[in-house]
Amino acid sequence: MKILHLISSPRGEASFSVKLGRAIVSELQSAHPDHTLTTHDLTTTPFPHLEEAHITSFFTPEEKGHQRLLKPLNIRTRQLPN
């Protein structure tokens, strides 16, 4: 199983939601040490805002050129690890 821990509070360590999230992740890891954890802090590495070309590319198969739709945006797309 994969665990995805998203942090979105700009308050960092002062945030109750960050503390609660870390406590939950810690319990999950203790109960299931074989599970993979991915943590993504949106306050330090935010995802770019989605534009119409992004949404269109999500629903366009690769063989129909979904990367071609993203080129005019001139941004680098990022993904979370699988």
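This is a short tour of one protein, with something to select at each stop.

**Start with the whole chain**

Keep in mind that the model is predicted. Show everything as a cartoon. Now trace the chain along the sequence. The pattern reads β-α-β-α-α.

How much of the protein counts as buried? Of its 82 residues, 22% do.

**Stop 1: S9**

Colour β1 (2-7) and α1 (16-31). Then select S9, which sits in the loop between them. Is S9 buried or exposed? S9 has a relative accessibility of 12%. Buried means under 20%, so S9 counts as buried.

Next, show the side chain of S15. A polar contact links the side chains of S9 and S15. Its length is 3.2 Å.

Which residues does S9 touch, leaving aside its neighbours within four places in sequence? Select S15, S17, V18 and T43 to see them.

**Stop 2: R22 and E13**

Select R22 and E13 and show their side chains. These two residues form a salt bridge. How many salt bridges does a search of the whole structure find? The search finds 1.

Now compare the cover on each partner. R22 has a relative accessible area of 36%. That value lies between 20% and 50%, so R22 is partly exposed. E13 has a relative accessible area of 53%. Exposed means over 50%, so E13 is exposed.

**Stop 3**

Colour β2 (36-41) and α2 (52-58). L50 lies in the loop between them. Is L50 buried or exposed? L50 has a relative accessibility of 54%. The cut-off for exposed is over 50%, so L50 counts as exposed.

**Last look**

Show S9 and L50 together. Both are in loops: S9 lies between β1 and α1, and L50 lies between β2 and α2. S9 is buried, whereas L50 is exposed.

Methods: Residues numbered from 1 in each chain as written. Predicted model: local features only at pLDDT ≥ 70, side-chain atom pairs only at ≥ 80, totals over all residues. Heavy atoms only, no water. Helix = DSSP H or I, 4+ residues; strand = E, 2+ residues; numbered from the N terminus. Buried < 20%, exposed > 50% of the residue type's maximum accessible area, 1.4 Å probe, protein only. Salt bridge = Lys/Arg side-chain N within 4 Å of Asp/Glu carboxyl O. Polar contact = N/O pair within 3.5 Å; in protein donor to acceptor, adjacent residues only side chain to side chain. Contact = heavy atoms within 4.5 Å.
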